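Hello,

Here is the structure you are taking over. Please look at it first, then read the notes below.

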Amino acid sequence: MTESTKYLLTEDRIPKRWYNIQADLPKPLPAVLHPGTMQPVGPDDLAPLFPMALIMQEVTTEREVEIPEPVREVYRLWRPCPLYRAHRLEKALGTPAKIFYKYEGVSPAGSHKPNTAVAQAFYNKEAGVKRLSTETGAGQWGSSLAFAGSLFGLEVLVFQVRVSYDQKPYRRALMETYGARCLASPSAETAYGRSVLEKRPDHPGSLGIAISEAVEVAAQRDDTKYALGSVLNHVLLHQTIIGLESMEQMRMADAWPDVVVGCTGGGSNFAGIAFPFIGDGLRGGKKARIVAVEPAACPSLTRGKYAYDFGDTGHMTPLAKMHTLGSTFTPPGFHAGGLRYHGMAPLVSHLKELGLIEATAYHQTECFAAGVTFARAEGIVPAPEANHAVKGAIEEALRCKREGRSETILFNLCGHGHFDMQAYIDYAAGKLKDQQYDEKELAMALAGLPSVPEPA
């Protein structure tokens with residue numbers, strides 16, 4: 001097989017197990033705490049929100065978790081996803097680097113999110129759940145859960161961040177086509193949403209607010225559970241199918257990455273591509289540089305504080321130790337809605353603290369410029385979120401050019417931008433502007449972090 005070939009595994013090469021990086025961590029992940037007792041949460045604390053199978057995946061330290069055959073059967077609709085060598089991009093950049101990208105945009109929903117949506121829908125169906133509530137930013141997660149719910153006969157209610165609800169009507173249409181109900185958040189549907197609207201009727205919303213609404217709904221009915229598209233350990237676990245496939249495909253290409261790049265909002269697609277490579281390095285394999293790329297307007301890894309915080313704005317969730325901008329922080333309305341979250345996944349944050357990953361941040365106009373460069377070279381229009389990974393990979397390739405180094409770069413192209421063309425229209429017209437977060441609001445949000453006693 002030559003390097004110019006599309007590396008696509010056959011159906012029977014879909015991984016049979018997800019990879020759990022907790023088995024290889026040099027230092028255990030800090031416990032998740034109950035906000036009332038400040039003690040580690042137990043399964044009973046999480047049972048109102050999640051089925052027991054997902055709760056067990058959240059806490060397990062087993063290296064491998066079997067993928068149920070009904071989940072693999074659905075995965076076969078689009079997996080394995082292709083791995084490409086970006087020859088034309090390399091030529092356009094004039095770099096000696098070899099650039100590979102894993103393309104997750106071939107899924108029915110157009111992104112990596114179905115990897116966990118299908119799994120979560122399956123486990124909830126097995127537990128007798130009838131309805132799922134969730135939040136979504138850009139709409140990729142909401143679309144994916146709506147798709148998965150339709151396959152397993154589950155009712156799906158999605159709270160979409162208001163600014164994205166207005167910016168991305170076709171994502172909303174896709175959710176409704178799959179049978180989900182989609183509401184702009186903050187909404188009048190929940191007590192918390194109404195409380196936000198009372199203070200500010202034109203509130204643009206945030207993922208933290210939408211999470212609070214979805215959690216509130218799930219807690220009110222016994223037949224309803226909550227589903228999250230990022231951040232939690234079991235979500236990141238499901239996404240490792242991306243990196244596991246990539247590892248085998250890189251071997252088929254007789255190549256191995258020196259640098260792995262992924263965009264980061266909550267951490268799911270980044271974990272999916274990076275965790276298997278990090279784990280391989282921790283077990284004695286070749287260690288790659290792992291680079292997380294986040295938006296400069298919502299920079300949790302590069303600007304946030306590593307501390308215990310709530311995952312939602314209404315403070316209905318347990319406390320997790322993570323890089324956070326503060327649960328009350330509302331990011332500006334930049335187009336990469338999937339990256340507008342105040343916190344970073346605890347596992348990704350932990351790896352940053354251990355020095356196993358690097359982080360960098362870019363503004364949206366330079367990321368869109370990178371996305372246009374990529375589209376004109378490789379033919380795929382990336383989602384605004386994925387443009388951050390494209391930007392990171394291009395910067396690594398240009399570094400190789402300056403240094404005369406022929407390194408191999410792998411990045412995750414986590415979704416296509418077919419539902420985001422208004423953003424590209426705005427970019428081409430010069431209307432897309434870099435947005436700055438409010439330093440005073442950030443300071444206030446960080447000052448309001450919960451007080452957690454140091455462990456004895």
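**Surface patch**

Met52, Met56 and Val59 together make a nonpolar surface patch of about 270 Å². Please keep in mind that the model is predicted. Valine 59 belongs to helix H2, which covers residues 52–59. This valine counts as exposed because its relative accessible area is 53%, and the cut-off for exposed is over 50%.

**Sheet of six strands**

In this open sheet, 6 strands follow the order E3-E4-E14-E9-E10-E13, and their pairing is mixed. At the edges are strand E3 (83–85) and strand E13 (358–362), each of which pairs on one side only. From one strand to the next, the twist averages 25°. Helix H12 (residues 241–252) packs on this sheet and touches E3, strand E4 (98–103) and strand E14 (408–413). The direction of H12 makes about 135° with that of E4. Within the sheet, strand E9 (residues 259–263) pairs with strand E10 (residues 289–295) in the parallel sense, over 5 bridges. Opposite cysteine 263 stands valine 293 in E10.

**Sheet of four strands**

Another open sheet has 4 strands in the order E7-E6-E5-E8, with parallel pairing. Strand E7 (181–185) and strand E8 (224–226) each have a single partner strand, so one side of each has no neighbour in the sheet. The twist here averages 25° from one strand to the next. Strand E5 (residues 131–136) and strand E6 (residues 155–161) are paired in the parallel sense over 6 bridges. In this pair, leucine 132 is opposite valine 156 in E6.

Regards

Notes: Residues numbered from 1 in each chain as written. Predicted model: local features only at pLDDT ≥ 70, side-chain atom pairs only at ≥ 80, totals over all residues. Heavy atoms only, no water. Pairing = 2+ DSSP bridges. Helix = DSSP H or I, 4+ residues; strand = E, 2+ residues; numbered from the N terminus. Axes fitted to C-alpha atoms, helices over the stretch in contact; angles between N-to-C directions. Contact = heavy atoms within 4.5 Å. Patch = residues over 30% accessible without salt bridge, like charges linked within 9 Å, V, L, I, M, F, W, Y side chains within 5 Å. Areas by Shrake-Rupley, 256 points an atom, 1.4 Å probe, with all protein chains shown as cover. Salt bridge = Lys/Arg side-chain N within 4 Å of Asp/Glu carboxyl O. Buried < 20%, exposed > 50% of the residue type's maximum accessible area, 1.4 Å probe, protein only.
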